[in-house]
Amino acid sequence: MPEAPRARIPRPATDNGAAGGRAGGAEAAGPDGVQVKPGGHREATLYSALAGAGAGDGRSLAELRAQALRAYESLELPVWRRSGFWTTSLQKLELGSLRREPDAAPALPEIVERTLPARPRAGRIVQSANAIVQLELDPDLRERGVILCSLKDAFREHPDLVAPWYSKRLTVDRHKLEAANAAFWSAGAFLYVPPEVVVSDPFEVVYAIDARGIAQYGRTLVLGGQASEFRLHEYDLGEDFEGQALHAGAVEVYLQDGARCRFAQVQDWGAGEVFDVSTRLVDVGRDAYCHWLPALLGGHLVRQHLELAVSEPGGEMAFRGLFFTEELEHLDVFAVDLHETGPSEGDVHWRGAATGQSRASFEGLIQINPGAQRTHTYLQIHSMMLSPKARVDAIPSVLVSADDVSASHGGTVGELDEAAIFYMQSRGLDRPAAVRVIVEGFFEPLIAELEDEPLQELVRGKIARKLAAAREDIEAYATSR
Amino acid sequence: MADLEIRDLHVCTDGHEILRGVDLSVSRGQIHALMGPNGSGKSTLASTLMGHPAYEITQGSISFMGEDITSAEPHERAKAGLFLAFQYPVAIPGVSVANFLRMAINAKREEPIGVKEFRAQLAHAVDLLDVDRSFTSRHLNDGFSGGEKKRAEILQMAMLLPDVAVLDETDSGLDIDALRTVAEGVQRLHDEQGLGVLIITHYQRILHHVKPDFVHILLDGRIVLEGGVEVVERLEREGYDRIRQEFGAGEAGAVAAGDPGA
């Protein structure tokens with residue numbers, strides 16, 4: 001149901017204020033629009049949209065790094081809390097014992113070769129730990145002005161193209177790991193698709209961690225020129241290892257007038273104790289379109305701030321996502337459907353499942369800013385519990401500051417349908433096969449939307465493997481009900 | 001011994017005894033009709049035959065193709081060649097009819113079915129059931145009308161080629177055209193493939209399209225009357241009430257005519 005307009009004025013995009021302004025812990029909106037409240041023993045950051053409060057305002061990269069470094073040094077590891085629902089705490093991360101230096105002779109991690117489908121592609125850039133280990137770009141596309149390189153090289157070789165967009169909508173100091181990312185990133189990825197250039201094969205941006213003890217800082221900047229069309233596939237992959245590692249990531253994608261982008265992400269950090277705290281933002285310009293689908297399929301503790309902002313009239317977006325947590329994993333997704341101007345269209349649809357003793361928390365926010373009239377948007381979140389000790393929480397929220405809009409949300413929480421299982425068994429499928437059909441069917445509407453066979457097979461395969469691994473757990477749950 | 005042999009079957013659900021000693025035999029090539037009023041235990045029998053976990057067999061046995069399947073898992077019964085067409089088919093969102101059929105066929109085979117062979121079988125079954133080809137790309141039973149669900153059941157039966165099929169009130173909720181299509185499909189599978197059929201129904205009308213060799217009347221958990229099509233005619237004349245008066249509850253299962261399964 002649409003809610004009554006509330007008075008909440010987002011801050012202008014350019015004013016970022018002083019670094020670490022909220023670190024003292026006063027209960028107030030910090031200068032960058034982030035609110036904190038004093039907790040019992042520790043502060044917790046509230047869930048709020050970036051809403052354009054980026055740090056990039058014409059200052060140099062060095063100045064932004066310096067601001068981030070000051071914040072990094074003054075802040076403690078973050079804790080996010082939704083009272084009564086969940087707490088996402090990074091306190092167990094031993095940040096001091098992780099190394100961020102690139103390896104001496106970095107090689108393409110095996111996990112990348114093993115996971116990425118063999119298929120035609122427009123280009124690929126792979127960052128392992130903190131070094132680029134593979135970079136390819138279709139020569140024909142290079143000829144036509146497409147740029148794919150490390151962000152570090154992009155700052156050197158294309159400063160005028162990169163500087164105005166870098167961190168334009170991303171903050172650098174909301175929390176310690178964001179600050180660490182902004183201060184320490186050393187490789188990163190930069191993709192530029194010039195105006196009118198249409199590319200059908202995907203650009204692959206890969207972040208891989210193949211050993212314990214690594215703090216990886218990922219930084220991706222993507223510019224889609226006017227009326228460009230392209231596919232972006234991000235992979236976040238970890239080898240199965242014992243011990244801690246960190247991925248702190250920041251992705252910003254800017255789609256200019258009429259640009260169209262399909263952005264899919266497959267994240268699976270493997271069985272290691274990998275912490276992933278990342279922010280991803282897609283800015284949809286005038287009459288531009290983005291179909292964005294993160295598939296969050298594994299990580300010890302994952303915190304994702306995902307924001308899809310329609311910033312110019314006529315922008316349209318489909319914000320999809322799926323997640324599957326297992327064992328002791330903890331996932332915290334904050335997905336923002338932000339409309340800064342109207343008319344605009346939004347459609348948010350997420351699906352998630354949990355097995356083992358895993359914990360998945362999803363907060364979906366529809367935010368419609370003042371003046372974003374004639375905006376229509378809908379948010380739905382469906383979840384499925386597959387184990388007695390798994391837990392999925394889903395909180396949709398709506399923040400509307402315009403009156404000629406429609407914004408609504410819905411959702412379901414489900415368990416396995418025993419009638420459906422019996423039905424399939426009666427056709428000869430054994431119980432695990434029937435469970436697999438149900439869970440795959442649950443995710444299928446979103447998987448189908450990937451519209452990319454190799455990627456679909458990859459996601460289906462990962463879901464099937466998780467189900468097979470949780471077979472006994474799922475069985476025990478069914479018989480206990 | 002008949003292909004499907006039910007002996008002295010007693011079944012409880014939620015602490016109530018629903019079936020109280022049912023004997024019934026169905027073999028390949030035979031068409032049986034099991035009729036009875038609401039609450040007589042028809043659907044309980046259908047679900048129990050397929051191994052539904054909510055129904056507990058407290059006495060008696062079920063054997064199929066010479067094997068005791070009294071406590072077999074549902075999928076084992078299906079693989080052995082038993083089929084149940086559901087009264088209320090369940091929606092399987094996200095799975096197309098064709099994909100589901102392929103999975104079900106492969107569950108019975110060592111090697112997955114070839115693409116060409118599958119397509120040919122599917123085309124044949126689609127013609128038999130008089131459904132649109134696009135039907136098979138829709139998600140199974142998801143948003144189907146009552147008639148479409150029943151056609152989908154028979155379509156699955158035609159693809160899986162069981163030895164014996166139990167049709168649980170397949171006629172309910174069908175308009176006359178759909179009923180005729182479904183009934184003709186069943187009859188053809190019987191005539192061409194030697195399918196054994198147990199039609200479970202409340203009404204007589206499907207029996208105008210599929211001719212049963214044997215008719216059984218189930219009342220209060222027991223078969224009280226058995227015979228040929230003349231039993232249907234008698235039921236049409238007299239209704240269940242008269243039969244109930246004659247063979248009322250508490251009576252031992254009286255057998256009026258013959259022993260059809262033998």
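Author: Begin with contacts: two residues are in contact if their C-beta atoms, placed from the backbone, lie within 7 Å. This is a predicted model, and in chain A, among contacts between residues at least 6 apart in sequence, 81% join residues at least 24 apart.

Reader: What does the secondary structure of chain A come to, and how many of its 481 residues count as buried, as a percentage?

Author: Chain A has ten helices and 24 strands. Of its 481 residues, 55% count as buried.

Reader: Which scores does the model carry?

Author: The ipTM is 0.93 and the pTM is 0.83. For chain B the average pLDDT is 90, and 94% of the residues score at least 70.

Reader: How do I read a pair of packed helices?

Author: Two packed helices are described by the angle between their axes and the distance between the axes. Here, helix 1 (residues 61-74) and helix 6 (residues 176-184) of chain A pack at about 145°, and their axes are 8 Å apart. Their crossing is left-handed.

Reader: Which residues of helix 1 and helix 6 of chain A meet?

Author: Helix 1 of chain A brings A:Leu64, A:Arg65, A:Ala68, A:Leu69, A:Ala71 and A:Tyr72. From helix 6 of chain A come A:Lys176, A:Ala179, A:Ala180, A:Ala182 and A:Ala183. By class, that contact has nine nonpolar residues, two charged residues and no polar ones.

Reader: And how do I read a sheet?

Author: Strands of a sheet pair through backbone hydrogen bonds, either parallel or antiparallel. Chain A has an open sheet of ten strands in the order 7-6-10-12-14-16-18-20-22-24, with mixed pairing.

Reader: Why is one side of strand 7 and of strand 24 of chain A left without a neighbour in the sheet?

Author: Strand 7 (131-137) and strand 24 (405-414) of chain A stand at the edges and each has a single partner strand, so one side of each lacks a neighbour in the sheet. From one strand to the next, the twist averages 5°.

Reader: Can you show me one pair of strands in that sheet?

Author: Take strand 12 (residues 229-238) and strand 14 (residues 260-268) of chain A, which run parallel and are joined by nine bridges. A:Leu232 has A:Phe263 in strand 14 of chain A as its bridge partner. Helix 9 (residues 453-469) of chain A packs on the sheet and touches strand 12, strand 14, strand 16 and strand 18 of chain A. The direction of helix 9 makes about 25° with that of strand 14 of chain A. Helix 8 (residues 431-449) of chain A lies across strands including strand 20 (344-354) of chain A, to which it runs at about 150°.

Reader: Is strand 19 of chain A mostly covered or mostly open?

Author: Mostly covered: ten of its ten residues are buried. A:His330, A:Asp332, A:Phe334, A:Val336 and A:Leu338 point one way from the strand, while A:Leu331, A:Val333, A:Ala335, A:Asp337 and A:His339 point the other way. Strand 17 (residues 301-310) of chain A runs parallel to strand 19 of chain A, with ten bridges between them. In that pairing, A:Gln304 stands opposite A:Val333. Ten bridges also join strand 19 of chain A to strand 21 (residues 359-368) of chain A, again in parallel. There A:Asp337 stands opposite A:Ile366.

Reader: What should I look for in the backbone itself?

Author: Most residues other than glycine have a negative phi, and most peptide bonds are trans. A cis peptide bond joins A:Gly342 and A:Pro343, with omega about -5°. A:Pro343 is in the loop between strand 19 (330-339) and strand 20 of chain A. A:Ala51 has a positive phi, near 50°, and is in the loop between strand 3 (44-45) and helix 1 of chain A. B:Asp14 also has a phi near 50°, and its loop is the one between strand 1 (4-13) and strand 2 (16-26) of chain B.

Reader: Is A:Ala51 buried or exposed, and is B:Asp14 buried or exposed?

Author: A residue is buried if 20 or more other C-beta atoms lie within 10 Å of its own, and exposed if 12 or fewer do. A:Ala51 has 22 within 10 Å, so A:Ala51 is buried. B:Asp14 has 8 C-beta neighbours inside 10 Å and therefore counts as exposed.

How values were computed. Residues are numbered from 1 along each chain as its sequence is written. Chains are lettered from A and ligands numbered from 1 in the order in which they are written. This is a predicted model: local features need pLDDT of at least 70, side-chain atom pairs count only at pLDDT 80 or more; totals for chains, interfaces and linings use all residues. Axes are lines fitted to C-alpha atoms, for helices over the stretch in contact, and angles run from 0 to 180 degrees between N-to-C directions. Helices (H or I, at least four residues) and strands (E, at least two) are DSSP runs, numbered from the N terminus. A crossing is left-handed if the near helix is turned anticlockwise from the far one by less than a right angle, and right-handed if clockwise. Ala, Val, Leu, Ile, Met, Phe, Trp, Tyr, Cys and Pro count as nonpolar, Asp, Glu, Lys and Arg as charged, and the others, Gly among them, as polar. Two strands pair if DSSP finds at least two bridges between them. pLDDT is the predictor's confidence in each residue, from 0 to 100.
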